[in-house]
Amino acid sequence: MAHDSLYASPQRRPGAGRGRRRTAWVPRRWDAALVSALLLVVLGSALLVDGFATGRNAQFLLLDAVAIGLVALPMTLVVITGEIDLSVASTLGLCSAVMGQLWLSGWPLELVVVAAVALGAVLGAVNGVFVTAFGLPSLAVTIGTLAAYRGLAFVVLGDQAVADFPGDWTSAAVETAPGGALPWAMVGTALLAVAFGVVLHATPFGRELYAIGSNAEAARFSGIPVARRKFWLFVVCGAVSGLAGVYWTLRYASARADNGEGLELAVVAAVLLGGVSIFGGRGTLAGVCAGVLLLGVLRNALQLADVAADTLDIVTGSLLIVSVVVPNAVAMARARLARKDRHEGTHERKFG
Amino acid sequence: MTALRARRELGVLLALALLVAFTAADNSRFLSSQSIRDVLLSASILVVLAVGQTVVVVTRNIDLSVGSVLGLTAFATGKLFVAAPGTPLVVAVLAGVGLGALCGALNGALIAAARVPALVITLGTLYVLRGVDHSWASGEQINAADLPRSFLDFGTATVLGVPVLALVAAAVLLVVATWLGSYRVGRELYAIGSEPAAARLSGIPVGARVFLAFVVSGALAGLAGVLHAARYGTVDATVGSGMELQVVAAVVVGGVAIFGGSGTAYGAAIGALLLTTIGSSLAVLRVDPFWQQAAVGGLILAAIGLDRALAARTARRAAARSAADAAAGQDAGRRGEREATHGS
């Protein structure tokens, strides 16, 4: 069960040595580099792109980033433990479909929302059971549930759309907090991000997740209940995906079975761009937040600059490739320099 | 181990046979030559992709970009025929395969040379190639009317009642399965997937082999793109999107271990055939078509669960056998000792 790598290329990443002198221009940490890139892109877009630096545009940009941002939070934790959850978008869709069906059958909306989030948690628990109790690879399991949950969404709602949600709820989903362009939904997402950040970076629980991702076997021997931790992460991932389904439904005022289709790849892309290692054990929540926003800002700015929406995939994909190739190339270069300097590589974890 | 693997493919084949038998019992027209032809036609593209994916997955890698490669080559094939209507079929196929191989080489070079995980790189190229496709097409659609008659005939023609596309898929399957199973380079791919470090220590050029696996997968995705253009005649920039998950599903259902080192192209092809057949048999059984995707999901989970159970049983047996061997060895040792004391 202890796959030390999730889709590792057969060669392992070389340990980063210390070649401080000649590569000093490279930021020491990937998340810091990403935040700088984000600031640069925001600044550049504000100067160069007409209509970017308006409150209304910022509002739309942030509203668009909420769903990906929400799901990216638990996904970060899951990937740090060396697992992956590809079923998140289907969970979102199934929760949205069930939400529509329950609303049609006359449930009060408060209850519908709670039920949707609870359903998400149950769907996540199903993933968790398959991965931890049966010891199956999460990649395969969640490709299976990706198909299964999306299929069930169509079984529940067919190809109809439920759109008659009360106006005060749907407008609440896009409403802006007083005193700025920040939508309430984004405020909530940011608070949740802080909570996840604290749990990941400032609690023993968070440290355990890194330990599991670095070496599950060693983590188990040091007394960490690896399976139980992973199980609950999948539950949380499902619940937050359910929440994202609620948001999606209210934001577009439409419950549909195909809501959020394909979102899983966008979420995984944002998480990996954020510097989380697909092998597990490395990555920060700040990096992931910067990754989500960077992708959102680039998409928005390029769209305003009249680049066709579908062409933007080139940018997303290239960023993703660059985000793994560049740190690796730098690490290799450093290792080589370190060898040249007869300086033993100390396997410091850079670009974490 | 071989017996286990053979049993594994037999299991998928049995599931397929049961599905066909059950559906045919309900409606005998399901076994009419027309209906079989339809299933084979729609399965052949997925089979070609699944065979290519197998080559990559046995090396403990994955190629998520195949849907985008298929889309790009399908569109390129259409464009080629629009620009030069007289292009011979062979040239079109070679161009498609070449373009696909180029995309695969891009994946392979990044993965093997820059030493980064395949999942991330091919997710990246999934987006990049789809974006290239969109910006090239910029909303344009190629219709059957733009394609030469002979090319479209290739997509629907039959030889002795068997669709040509299915024959192409079968030929690809036979060649790749033989290569993987009985040739040195093919076996090396399994060795890499079982234990990369051990493979390197035993002198296998791991980087070069992984690169080759991605080129093969890309080339077959390119071929699938040409087949897609011939089969459907209508090509826009969205062709093949989301197909990667279907392909991975087919491979997994067919018993190719997602962590490399085991499984055959035959299994993957049967998996692809099974996934396609489910679609048409649900329609024949008048099951709500909305159930189809849910059934596919259930099938994937069942398949990986079954693999796990089989692997666990093999491991238990091996452990029991080695325990028995050890006990026997100990006995022999003790007996030897006793005889030695007797002698003195």
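**The contact between the chains**

Reply: In this predicted model, 48 residues of chain A are in contact with 53 residues of chain B. On the side of chain A that touches chain B, helix H5 (138–157), helix H11 (263–273) and helix H13 (313–340) each supply at least two residues. H5(A) gives the most to this side, with 14 residues. By class, the residues of chain A that face chain B divide into 30 nonpolar, 14 polar and four charged.

Of the 344 residues in chain B, 51% are buried. Among the contacts in chain B with a separation of 6 or more, 81% are between residues 24 or more positions apart.

A helix pair within chain A may be set beside this. Helix H3 (residues 88–104) of chain A packs with helix H10 (residues 226–251) of chain A at an angle of about 55°, their axes being 8 Å apart. H3(A) is therefore oblique to H10(A), and the crossing of the two is right-handed. The residues of H3(A) that take part include Val88(A), Gly93(A), Cys95(A) and Met99(A), and those of H10(A) include Cys237(A), Gly238(A), Ala244(A) and Trp248(A). The contact of H3(A) with H10(A) has eight nonpolar, eight polar and no charged residues, whereas the side of chain A that touches chain B has four charged residues.

Notes: Residues are numbered from 1 along each chain as its sequence is written. Chains are lettered from A and ligands numbered from 1 in the order in which they are written. This is a predicted model: local features need pLDDT of at least 70, side-chain atom pairs count only at pLDDT 80 or more; totals for chains, interfaces and linings use all residues. Axes are lines fitted to C-alpha atoms, for helices over the stretch in contact, and angles run from 0 to 180 degrees between N-to-C directions. Helices (H or I, at least four residues) and strands (E, at least two) are DSSP runs, numbered from the N terminus. Angles under 35 degrees count as roughly parallel, over 145 as roughly antiparallel, 65 to 115 as roughly perpendicular and the rest as oblique. A crossing is left-handed if the near helix is turned anticlockwise from the far one by less than a right angle, and right-handed if clockwise. Two residues are in contact if their C-beta atoms, placed from the backbone, lie within 7 Å. Ala, Val, Leu, Ile, Met, Phe, Trp, Tyr, Cys and Pro count as nonpolar, Asp, Glu, Lys and Arg as charged, and the others, Gly among them, as polar. A residue is buried if 20 or more other C-beta atoms lie within 10 Å of its own, exposed if 12 or fewer, and partly exposed in between; C-beta atoms are placed from the backbone.
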